[in-house]
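I am opening this notebook to record what I looked up in the structure. The entries follow the order in which I checked things.

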Amino acid sequence: YGSTPIDAERAVGARAAADALDDARGTPATTTRWRRVGVVVATSLAMVGAVPIARSWKLGKTKTVRTRFAVDVGCLSKETIDAHWPEFFQHDITGAEVILRGKPPFEFGGTNRDVGGIALHQEGFSSIYSTVMDVNLGEQYGFALINAAGERMFELGNSARFINIHQPVLTEGSCLAEINAGGTVYRNRQVPTEQSQITLNANGEYDAAGTWGSCAGLQCPVTVKLIATVQGDGDNVYGIEEQKAMKEIWKKYKGHFSIVSAGVKNTWGLDTVTNRLAWTRNADLNPYSDANWKFVSNANAGSSGAIKDFDAGYDDVMGVTADDKVWQRPVSGANSWTAAGYSGSRLIQTTLGRTQLWGVNGDNNLFRSTLPMHSESQWVAEIGGVKQVEVGDADCFIVLTDNKTIKRKQENGGGTWVTVLSSTNIPAAVSAIDQVAVGETSLWILSTNRELFSCKLPCNGPSEVHIVTDAPKGIMSIDAGKVPHP
């Protein structure tokens, strides 16, 4: 449809042709449905039939706005999958469409096919699909998913007609408009009805964007729950993705690194052999091309040289160099390294929390400092005998130098240290601990035998530690994505 507004005459003509086709099939003109792979799916978001013209459509053809329709399909909740046609999500999501309610008879698809099924195009390697076109003010719309089997699933309004197909997804939220029609209330996405309500982006477009089936913002906050590198040549980056299918699965990505660390939106990777440092958007991690990785030309931290270890946080990346100095730069990839902490600050490993930067020095002593860091930031001493520290949204976990003990404390430094595992109760399968990572729901434990285990947070002891049976072999490093907050 390009930039042409939806035309009422074309919609009516298409409806007449569709009615004739339905009559020939012996089916009612208002019940056109898709039949694919044995699954019957209504091609309607909230099919309300022929109703009086809504007030917003009396604005005339000139009342249009250039609109960018965009939907992120990368963070579908398990609740949505389980409640709304679970079989659909046994196949990968391969595309998306925007569905417009259009002109009379105000149907999404169905017999008013002229306004249905406008293809969206994938943005790079991301899970965002989009297109730009002119539409009338007040246009009601929704998004459809397309899976590898060719089936379509729509964000449904509150339509009782399709209650036996699958339950409505979009039923409430600030991004929706309540449309009274046909004796019921439909909840659909809607372009504002007045120009005064429109805010344009830098390209002069109104952003009609969101995550599929949700009123959350466009960008899915986390696309990897855990990211890892494995031993061997060639591509060696793996991740557990958010639920795009029936269950969380490991995916192999293009790229070769020794260490990887995932922030809220960006993942960083370091090859410690070549000292090459790169970053990518989480949404662009993919198994097809390594062109998503942007190598940093100013990777060295001044006269201290190459970064040897680092951690990606909410706003910054923290790194340490061979002389144990501490450095920081924006996680977005912008700018260059600057000093973090006063001139005498020395650490060999760091991890960024929500309020604190934690780190271990060459003598295995643990310190923390309040964020944001600057060149005069001071440190608070915590505990000795620490091999590694890792911080999650609420808690800080440490591995002691005996490779068997894990302790936990509040991320902000409050409370006391609680022993989670020790030499007396560590599971025999774990034996010895190489490193840990703290995710949104789990503590991840990598053994020195390169096997991966998980423990549901807050992780209260050995009975809650379980092996991750489908993890890739030969894992070298692990890091959990930061927990997003509004």
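Entry: I began with β13 and strand β36 (residues 475-480), which pair in the antiparallel sense over five bridges. Strands here are DSSP runs (E, at least two residues), as helices are runs of H or I of at least four, all numbered from the N terminus; two strands pair if DSSP finds at least two bridges between them. I noted that Leu226 has Ala480 in β36 as its bridge partner. Strand β13 (residues 224-230) has six of its seven residues buried, so the rest of the structure largely encloses it. Buried means under 20% relative accessible area, exposed over 50%, and partly exposed in between, with a 1.4 Å probe and protein chains only.

**Entry: provenance.** I am working on a predicted model, in which local features need pLDDT of at least 70 and side-chain atom pairs count only at pLDDT 80 or more, while totals for chains, interfaces and linings use all residues. Residues are numbered from 1 along each chain as its sequence is written, and side-chain values use heavy atoms, with hydrogens and water left out.

**Entry: nonpolar cores.** I looked up the largest nonpolar core, which has 28 residues, and found that Phe69 and Val98 have the most contacts inside it. Such a core is a set of buried Ala, Val, Leu, Ile, Met, Phe, Trp, Tyr and Cys residues joined through side-chain atoms within 4.5 Å. β3 (64-72), β4 (93-100), β7 (128-136), β8 (140-147) and β12 (206-211) each supply at least two residues of this core. β4 gives the largest share, four residues. Leaving out residues up to four places away in sequence, Val98 touches Phe69, Gly117, Ile118, Leu120, Met133, Tyr141, Gly142 and Phe143; contact means heavy atoms within 4.5 Å. A second, separate core of 16 residues includes Val430, Ile433, Leu443 and Phe453.

**Entry: aromatic pairs.** I searched the whole structure and got five aromatic pairs. The rings of Phe69 and Tyr141 have centres 5.1 Å apart and planes at 75°, so this pair is edge-to-face. Rings of Phe, Tyr and Trp (its six-membered ring) pair if their centres lie within 6.5 Å, and planes under 30 degrees apart count as stacked, over 60 as edge-to-face and the rest as tilted. The pair links distant parts of the chain, with Phe69 in strand β3 and Tyr141 in strand β8, 72 residues apart. Phe69 is buried at a relative accessible area of 0%, and Tyr141 is buried at 5%. I also noted that Phe69, Tyr141 and Phe143 form one aromatic cluster.

**Entry: charges over rings.** Arg276 lies over the face of Phe295, at 3.7 Å from the ring centre. Arg354 lies over the face of Tyr314, at 4.1 Å from the ring centre. The criterion is NZ of Lys or CZ of Arg within 6 Å of the ring centre and within 35 degrees of the ring normal.

**Entry: an open sheet.** I traced four strands that form an open sheet in the order β28-β29-β30-β31, with antiparallel pairing. β28 (386-391) and β31 (418-421) stand at the edges with a single partner strand each, so one side of each has no neighbour in the sheet. Five bridges join β28 to strand β29 (residues 395-400), and Val391 stands opposite Cys396 in β29.

**Entry: Thr350.** I placed Thr350 in strand β24 (residues 349-352). Thr350 counts as buried at 2% relative accessibility. Beyond four places in sequence, the contacts of Thr350 include Asp309, Asp311, Trp358 and Gly359.
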